[in-house]
Amino acid sequence: MSDYYEELEELLRSASVPQSSQPQEKIAPWGETRIVGKPLPRVDAYEKVSGAGQYTYDIHLPGMLYAAILRCPHAHAMVKGVDTSAAETMPGVVAVLTGKSPGADIPWYGSRTPSKLFDPHCRYEGDEIAAVAARTSYQARDAVKAIKVQYEQLPFVIDQESALKPGAPKIHESGNSAGEPRVTSRRGDVAKGFAEADVALEETFYTNFQIHVPMEAHGSVVSWDGDKVTIWDSTQGVYDAVLMPFAQTMGVPMNKVRVICRYFGGGFGSKLELGKYTVIAALLARRTGRPVKLMLSREETLLAAGNRPDARMTLKAGVKKDGTLTALQLTSIGAAGAYSAGTGVGWQVGELYKCLNVLVTESTFYINAGRARAFRAPGFPAGNWCLEQMMDMLAERIGMDPVEFRLKNLTEVSQSRNVPYTSTGLKQCLIEGSKAFGWKEARAARKSDSHIKRGFGLAAGMWQAGSGGPPYTAEVRMFMDGGVTIKTGALDLGTGTKTVACMVAAEELGIPLENIRIENADTAVTPYAQTSGGSMTLPGLTPAVRRGAWLLKRQLFGWASEALGVPAEDLEINNNSIVSRSSPDKKRTMQELMRAHQVNEVIGIGNRDPNPANRAINPFGAHFAEVEVNTKTGEVKVVRLLGANESGRVINRKTFDNQVHGGMTMGLGYALTEKRVLDRQTGKMCNLNFHDYKVPTALDVPVDHQVIAIDPKDTECNIVGCKGLGEPAHVPAASAIANAIYDAIGVRPTHGPIDPKMILELLSKKKRG
Amino acid sequence: MPEDPEDKCCRSDHGISRRDFMSSVGVGAVAAVSIGNAPAAPAQEIEAVSNVLTVNLRINGSLRKITVEPRWTLLYVLREFLGLTGTKIGCERGECGACTVLIDGMARYACMTLAVEAQGHEITTIEGLMDGEKLGPVQQAFAEEDAFQCGFCTPGQIMAVEGLLRQNPNPTIDQVRIGISGNLCRCAAYQHIFKAAAKAAELRAKGGQA
């Protein structure tokens, strides 16, 4: 399988996004907007609150069977035999699939860590061994338990120390290291930089594994009709993530594969690639001649559906007394899990602040545990954790305010690519954010004398992608009564993609939002869109929608101009007519215009324009946190959060705020509670449920959570002026909380998550000196 | 002494809070984790659990007669046999709240309620809050306040707020937070859910008119 994470990383590391579209006629930026920028409810709100929206989990087809997967219960084992005879005769069981079944010998996980759909060499607790299709989900699960497997258990490794020591049990033939440490950023001469520094500090930081756990589990419903196949998949991308790799894997032509995901219950990066579950469901469906539904259980999503890899990061930084950064040197290592995945974290170290001398060296190793996948800004919250805590450490040493120190080191040039940003609102995020947060007053106030200590922290951050780019195609179709339907292959992950697409079309056409409907993410019906990830959908898709609406309008206005004898610039759409602004009695209905040209609809096909050459397009943000630390129990309460984010033009202020709230809350979980716990005795995962894997609840988030939207009026990035938000809304939040905890207790929590035990350990270490 | 907000918002007449309910079910589901490791069950045991019985369930005001296995959950029956897929599956072990329905007006996890247990009780699902195609006040408030992202946990959140407001029409924000604390939202739209709960209380007071 292609490794989306690594492909994305490679794509993003290169200076520019590949440009395929031809240059198109220029469209001027909007002046004052009527709809864009307003806080509006979503266009699919009704479906979501009524329960009518059909998610993959809700698809029910006549004769449909239910599948379940048998997974290896050991951290490392060789399968010596699989006996399915008991399972096959159980009530309701229709088919059992193993690696020996026809068509099931499928390679997986790429060339670096070659494996199979059902690999007898099980490299982690959760590797797939067999699957069952039965009439009910209960029967499928019963049958899975009845499959007898002979295992030869192998010694396992679950951490850096055991994985990389000489003679360690090998997970892959090539060993447990993914290669020599890679230099991922190099600029100037760090030795020279440290020699110039007045203060040089070095610290080792650690961030734990975080698991996506979207509320809708991963899964598919697959139905064959002869050589044609329809797949309902809980996926972030119907084209790149499912249709194309599925066609390739199964040897089916792309036009015979239809993939649908109209409502989607969350992914956060874990649904960017073709799942084994999809292929297993397809094999079972073909074998039984019946549709098959295969949804993972909650335990399986925690075990075998991806995670954010951990990171051990040693960061050395040099600064002059006046606050000038002289050198940054990062060495990081992360565990990819049992199969190939990216673990890089260092990009912000070479990019966020002006620094002439930078060296980042990164490496990856394998352990007998679930494989990492892209997770909301892959590598960035971890890299931010070390960089932004180090920035506070430096500021303290040279006696500078953390906001001032960051402001002093800002840059308007992308140092990694050596080109200017189209816009950077980081300065405004820091200034406006600290003003609204009351930063100066809060930091100057005396700390409490009780055992509850109050602290205030901030962190800045950015995201490597967030520009979007071609290819994206949007179809904007007008009926003869003036109603409009947009078609796009793009997923709405819950970010509000459908809503902003409709708002952009309404703005361009000058019609009410209610007159627009959108249909999305069905490869048989909707045009190509990239997978929704990397905060690239909004800036990738909406310019294509604007282009489509603009072309549609140009066609209609051209006809009307000819018919009415007025210039096209004088025309506007009013209800179902095109009317002259200067003499409103001059008008034609859409129906008249369309009939005159022998059509019953007009369609504008919008393609995404290329991004500007020699420019970097990135979103930025600064997050602020206020915490209370109970020094007796070690509990941390986040009492206030503030997010100031700059992602270009704000299309919808409601969904913008929602995204910042959500991103920062996920950062709260990363900072305080979320981690993967592996048992040292068995290598098995201990916290396979929501009781023990703790995601933030309504009681963990502060009621006071302000959002500030900085609009840099970027007219250069694309014809809508927007950049991505989902990831930069998440990146600095955890670091801000860590810095606030330091402010409260005076000991630096370098290792995450910062649970009560860790706080108490830090405090007792401080007491001992 | 400050009033415990849970007293007002989450305690049923029988004295079981949702929190107690959650902690009481934590153990039962552990067995499900050992998938693939368990020995095959003897054939007669499998036969025994596939025994069926008939239950009468009162759902959204209408009586439904249905044949079930004793182990089938209310969640399973609602979704698979009655087509009420507004109630979502999130964890199937009483931890996430995606399957929240009202049982006799109380917010309950349908995944932790057996279909046979639900007999004799009034069950309301998200579909039951609608008046034809018209949204109920809590649904309306969620739509207006953008109180969701992906929307998968949303029916459960709405039922939790509905259950809360039926017991306490004017909850404080802390009572709202406790009222939905058994409903996870991984997108974390909590801030807007808090707003929606307040708005819903307002709409209900006005007789459900937006």
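In the predicted model, Asn614(A) occupies the loop that runs between strand S27 (601–607) and strand S28 (620–630) of chain A. Although Asn614(A) is not a glycine, its phi is positive, at about 55 degrees. Asn614(A) is classed as exposed because it has 10 C-beta neighbours inside 10 Å. A positive phi of about 50 degrees also occurs at Asn60(B), again a residue that is not a glycine. Asn60(B) belongs to the loop between strand S1 (53–59) and strand S2 (62–68) of chain B. With 19 other C-beta atoms within 10 Å, Asn60(B) is partly exposed.

Cis peptide bonds were also located in chain A. One joins Pro470(A) to Pro471(A), with omega about 0 degrees; Pro471(A) is part of the loop between strand S20 (452–462) and strand S21 (473–479) of chain A. Another links Gly752(A) and Pro753(A), with omega about -5 degrees, and Pro753(A) is placed in the loop between helix H18 (733–745) and helix H19 (756–768) of chain A.

The contact between the chains draws 61 residues from chain A and 56 residues from chain B. On the side of chain A that touches chain B, at least two residues each are supplied by helix H2 (45–50), strand S1 (65–71), helix H4 (137–145), strand S8 (148–153), helix H9 (298–304) and helix H17 (653–672) of chain A. H17(A) provides the largest share of this side, namely 7 residues. Classified by residue type, the side of chain A that touches chain B comprises 32 nonpolar, 18 polar and 11 charged residues.

Two of the contributing elements were examined further. H4(A) is largely enclosed by the rest of the structure, since 9 of its 9 residues are buried; among them are Tyr138(A), Arg141(A), Asp142(A) and Lys145(A). Strand S1 of chain A contains Leu70(A), which is buried, with 27 other C-beta atoms within 10 Å.

Chain B contains 9 helices and 5 strands, arranged along the sequence as α-α-α-β-β-α-β-β-α-β-α-α-α-α. Of its 210 residues, 53% count as buried. Where contacts within chain B connect residues at least 6 apart in sequence, 62% of them join residues at least 24 apart.

Within chain B, the axes of helix H6 (residues 137–144) and helix H9 (residues 190–205) approach within 8 Å and cross at roughly 135 degrees. This angle makes H6(B) oblique to H9(B), and the crossing is right-handed. From H6(B), Pro137(B), Val138(B), Gln140(B), Ala141(B), Phe142(B) and Glu144(B) meet Ala196(B), Lys199(B), Ala200(B), Leu203(B) and Arg204(B) of H9(B). The residues of this contact are 7 nonpolar, 1 polar and 3 charged.

The end C-alpha atoms of H9(B) are 23 Å apart, in agreement with the 22 Å that its 16 residues should span at 1.5 Å a residue. H9(B) is largely enclosed by the rest of the structure, because 12 of its 16 residues are buried. The buried residues include His192(B), Ile193(B), Phe194(B) and Leu203(B). The cover over the buried residues of H9(B) comes from both chains, and includes H17 and strand S30 (704–709) of chain A as well as H6, helix H7 (154–167) and helix H8 (173–179) of chain B. H9(B) is followed by Gly207(B), which has a positive phi near 80 degrees.

How values were computed:
Residues are numbered from 1 along each chain as its sequence is written. Chains are lettered from A and ligands numbered from 1 in the order in which they are written. This is a predicted model: local features need pLDDT of at least 70, side-chain atom pairs count only at pLDDT 80 or more; totals for chains, interfaces and linings use all residues. Two residues are in contact if their C-beta atoms, placed from the backbone, lie within 7 Å. Helices (H or I, at least four residues) and strands (E, at least two) are DSSP runs, numbered from the N terminus. Ala, Val, Leu, Ile, Met, Phe, Trp, Tyr, Cys and Pro count as nonpolar, Asp, Glu, Lys and Arg as charged, and the others, Gly among them, as polar. A residue is buried if 20 or more other C-beta atoms lie within 10 Å of its own, exposed if 12 or fewer, and partly exposed in between; C-beta atoms are placed from the backbone. Axes are lines fitted to C-alpha atoms, for helices over the stretch in contact, and angles run from 0 to 180 degrees between N-to-C directions. Angles under 35 degrees count as roughly parallel, over 145 as roughly antiparallel, 65 to 115 as roughly perpendicular and the rest as oblique. A crossing is left-handed if the near helix is turned anticlockwise from the far one by less than a right angle, and right-handed if clockwise. The expected span of a helix is 1.5 Å times one less than its number of residues.
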